[in-house]
There are 2 protein chains.
Amino acid sequence: MGHEVVDIATKLSHFSDLWSPKVVGRLNDYEIKVVKVQGEFVWHTHEETDELFLVVHGELTIQLRDGDVVLRPGQLFVVPRGVEHCPIADGEVHALLIELVGVINTGNAGGELTAAYDDSLL
Amino acid sequence: MGHEVVDIATKLSHFSDLWSPKVVGRLNDYEIKVVKVQGEFVWHTHEETDELFLVVHGELTIQLRDGDVVLRPGQLFVVPRGVEHCPIADGEVHALLIELVGVINTGNAGGELTAAYDDSLL
């Protein structure tokens, strides 16, 4: 098996669906994912784990109950475990996520935006 | 306490020392660090954990015993636990690292390049 370099832009060029994170790498029991988002997600919480967002394209707002966090390319934010949040973006945003294996994108909220596990880009 | 956005370039503008990772964020029991490197590091292994490198400036070669991995801006690589590696860069490289809390930069090798823990940018 070779040693795979993950080129983030190339991985993002392989899909266009929104709110559907794709696994591109693993770090111990964490997964590195890329995702495209636009519009508003659902308010949800991950009770068991922090979640890292790193924006590579566009401007992402992460709504929190006590204020908004705005992320532009080259900026990252860690949503602490147990903190309710809701991403929203006017334009299309491309981001890198780092999450514990098994995390569901909609957390405790569920619903139609719950994405299937997708490691087809791995 | 506010919700801190980490601007990677701004964090990197605050220091110039080489091979001395600075903690800029935390994700559960992991630390997000920025580092500047140039020249050759030491061959070493982290027996207990994988290690993520994401290059944001310059070109980084991670030498492995069975071949080199070359990373350019926007590219990442996870060195698997137990795999001996030695970063090397002709020019200055700026990178983001994600590592388990407590990881020593020189792993099992030790020596003069072993960096003190630095969370002054947190």
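The paragraphs below take up the ring pairs, then the charges over rings, and then one serine. The model is predicted, and a search of the whole structure finds three aromatic pairs over all chains.

One of these pairs is formed by A:W19 and A:F41, whose ring centres are 4.6 Å apart with the planes at 25°, and because an angle under 30 degrees counts as stacked, the pair is classed in that way. The pair links distant parts of the chain, since A:W19 belongs to the loop between α1 (8-12) and β2 (22-27) of chain A, whereas A:F41 belongs to the loop between β3 (30-40) and β4 (51-57) of chain A, 22 residues apart. Both A:W19 and A:F41 are buried.

Another pair, A:Y30 with B:Y30, is edge-to-face, with 4.7 Å from centre to centre and 65° between the planes. A:Y30 lies in strand β3 of chain A and B:Y30 in strand β3 (residues 30-40) of chain B, so this pair joins two chains. A:Y30 and B:Y30 are both buried.

| Charged residue | Ring | Distance from ring centre |
|---|---|---|
| A:R65 | A:W43 | 3.6 Å |
| B:K22 | B:F15 | 5.0 Å |

The serine A:S20 is found in the loop between α1 and β2 of chain A, and A:S20 counts as buried because its relative accessible area is 12%, under the 20% cut-off. The side chains of A:S20 and A:K22 are joined by a polar contact of 3.3 Å, and, leaving aside neighbours within four places in sequence, A:S20 is in contact with A:V34, A:V35 and A:A115.

Methods. Residues are numbered from 1 along each chain as its sequence is written. Chains are lettered from A and ligands numbered from 1 in the order in which they are written. This is a predicted model: local features need pLDDT of at least 70, side-chain atom pairs count only at pLDDT 80 or more; totals for chains, interfaces and linings use all residues. Side-chain values use heavy atoms; hydrogens and water are left out. Rings of Phe, Tyr and Trp (its six-membered ring) pair if their centres lie within 6.5 Å; planes under 30 degrees apart count as stacked, over 60 as edge-to-face and the rest as tilted. Helices (H or I, at least four residues) and strands (E, at least two) are DSSP runs, numbered from the N terminus. Buried means under 20% relative accessible area, exposed over 50%, partly exposed in between (1.4 Å probe, protein chains only). A charge sits over a ring if NZ of Lys or CZ of Arg is within 6 Å of the ring centre and within 35 degrees of the ring normal. A polar contact is a pair of N or O atoms within 3.5 Å; within protein, one must be able to donate a hydrogen and the other to accept it, and residues adjacent in sequence count only if both atoms are side-chain atoms. Contact means heavy atoms within 4.5 Å.
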